[in-house]
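Let's take a walk through this structure together. Have a look at the picture and then read on.

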Amino acid sequence: MNTDPIADFLTRVRNAIKANHRVVEIPASNIKKEITKVLYHKGYIQSYRFDDSSVQGTIKIALKYNPTTKLPAITKLERVSTPGLRKYAHVENMPRVLSGLGIAILSTSKGVMTEKEAKAQNVGGEVLCHVY
């Protein structure tokens, strides 16, 4: 049994990037699906597909690489809030990742979103991870 499914998700993506894989397959959950959608809309992954043929289902993510330099779009994935130590951010003190060049993914009462979207909707939440 996995105690931190979000950390497992981030680790699988991180390992696939380090091994220069094109596609990574991850067991699905609702929070992982929402994080995948945020990564896609912000341009960090090329595409994704949810496969619900089995009981749990899987997420297939096509990773994005620069066509000329072959460098990955994601240089760092960092888990912030863990099951043992939750990290929350209020609207006034949203985290800035790499002086605004990266994104922080938050779980708010209005769903999973980036810190900029949360600030625009005037909601705070749990800081899940930093991506840059």
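This is a predicted model: local features need pLDDT of at least 70, side-chain atom pairs count only at pLDDT 80 or more; totals for chains, interfaces and linings use all residues.

Residues are numbered from 1 along each chain as its sequence is written, and side-chain values use heavy atoms, with hydrogens and water left out.

The chain has three helices and eight strands, where helices (H or I, at least four residues) and strands (E, at least two) are DSSP runs numbered from the N terminus. Follow the sequence and you get the pattern α-β-α-β-β-β-β-β-β-α-β. Along the principal axes, the C-alpha atoms fill a box of roughly 40 × 40 × 25 Å. For 132 residues, a compact globule would have a radius of gyration near 14 Å, and the chain's 15 Å agrees with that; the radius is taken over C-alpha atoms, and the globule rule is 2.2 Å times the number of residues to the power 0.38.

How much of the chain is buried? The share is 40% of the 132 residues, with buried meaning under 20% relative accessible area, exposed over 50%, and partly exposed in between (1.4 Å probe, protein chains only). Contacts (heavy atoms within 4.5 Å) also tell a story: of those with a separation of 6 or more, 60% are between residues 24 or more positions apart.

Now zoom in on helix α2, residues 30–41. At 1.5 Å a residue, its twelve residues should span 16 Å, and the end C-alpha atoms are 17 Å apart, which agrees; the expected span is 1.5 Å times one less than the number of residues. Its buried residues are K32, K33, I35, T36, V38 and L39. After α2 comes G43, with a positive phi near 85 degrees.

Next come the rings. Y40, Y48 and F50 form one aromatic cluster, using the rule that rings of Phe, Tyr and Trp (its six-membered ring) pair if their centres lie within 6.5 Å, with planes under 30 degrees apart stacked, over 60 edge-to-face and the rest tilted. That rule gives two aromatic pairs. Y40 and Y48 have ring centres 5.2 Å apart and planes at 75 degrees, so they are edge-to-face. Y48 and F50, with centres 5.1 Å apart and planes at 45 degrees, are tilted. Y40 is partly exposed at 35% relative accessibility, as is F50 at 25%.
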